[in-house]
Amino acid sequence: MSVKEIIDSARKLMDKSLEFNKSQIGKVRTGRASASLLDGVTVDYYGSPTSLNQTANVSVPDARTIVINPYDKGILQNIEKAIQQSDLGFNPQNDGILIRINVPPLTEERRKEFVKLSKKYAEEGKVAIRNIRRDFMETLKKEEKNKTLSEDDRKKGEELLQKVTDEFISKIDKILADKEKELLEN
């Protein structure tokens, strides 16, 4: 493998890791309503577990309300039950046609807990990025040992890999900073 192929492979894996990390941090609740808050909710849809967004239209008409309009009105009870069991702390209101969720404002204590949780997710993301870097550093060393890369190419590859790693770490830091700002706003 060439240095470029190794760096490109590392970048692809880091991209996937970043996207996963972004979704993890995005699920942390803020004081605002967001359809992504319900991403992890699965509904019993005629015997098979199905994600909520495949069984209903989820919309956010204002900053404090989430409205769920099921494609099949027969599963309203199941959606309501799934949300109550989801451990999100929401109390859905079923009016027979749609479900409304009022997102209560967060207390200062809860905000700080969510900031901590966001930091934990960000740190896990950074560790994943560093693990990818470590694995590809090993690949560079193996390629040099197998005589497919020169020592200079390996060193150049390690420098490039470190730059890519730093780029992704700073992206995670930015996502975390944005989330913290969003959480601590009143």
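**Helices, strands and a pocket: a short tour**

Hi everyone. Helix α4 and helix α5 (151-184) are among the elements that cover the buried residues of α1. Before I go on, this is a predicted model, where local features need pLDDT of at least 70 and side-chain atom pairs count only at pLDDT 80 or more, while totals for chains, interfaces and linings use all residues. Residues are numbered from 1 along each chain as its sequence is written, and side-chain values use heavy atoms, with hydrogens and water left out.

Let's stay with α1, residues 3-26. Helices here are DSSP runs of H or I with at least four residues, strands are runs of E with at least two, and both are numbered from the N terminus. Helix α1 has 24 residues and reaches 34 Å from its first C-alpha to its last, close to the 34 Å expected at 1.5 Å a residue; that expected span is 1.5 Å times one less than the number of residues. Its buried residues include Val3, Ile6, Ile7, Ala10 and Met14. Buried means under 20% relative accessible area, exposed over 50%, and partly exposed in between, with a 1.4 Å probe and protein chains only.

Now to α5, where Glu158 is found. Why does Glu158 count as buried? Because its relative accessibility is 18%. Leaving aside neighbours within four places in sequence, Glu158 is in contact (heavy atoms within 4.5 Å) with Met137, Leu140 and Lys141.

On to the strands. Two strands pair if DSSP finds at least two bridges between them. β1 (42-45) and β2 (48-51) are antiparallel over 4 bridges, with Thr42 opposite Ser51. Their hairpin has 2 residues between the strands, and Tyr46 takes a positive phi near 50° there.

There is also an open sheet of 4 strands, in the order β3-β4-β6-β5, with antiparallel pairing. Its edge strands, β3 (56-62) and β5 (93-94), each pair on one side only. β3 pairs with β4 (65-70) over 5 bridges, and Ala56 stands opposite Pro70.

Last, the largest pocket, at about 210 Å³. A pocket is an open set of points on a 1 Å grid over the protein atoms alone, with protein on both sides within 12 Å along at least five of seven lines, and lining residues have an atom within 4 Å of a point. The volume is the space filled by probe spheres set on the points, which are joined across faces, edges and corners. Of the 10 lining residues, Lys27, Arg29, Leu88, Phe114 and Leu117 lie nearest the centre. Helix α4 (108-145) gives the largest share, 4 residues. Thanks, everyone!

Key: On a 1 Å grid over the protein atoms alone, a cavity is a set of points where a 1.4 Å probe fits but cannot get out, and a pocket is an open set with protein on both sides within 12 Å along at least five of seven lines; lining residues have an atom within 4 Å of a point.
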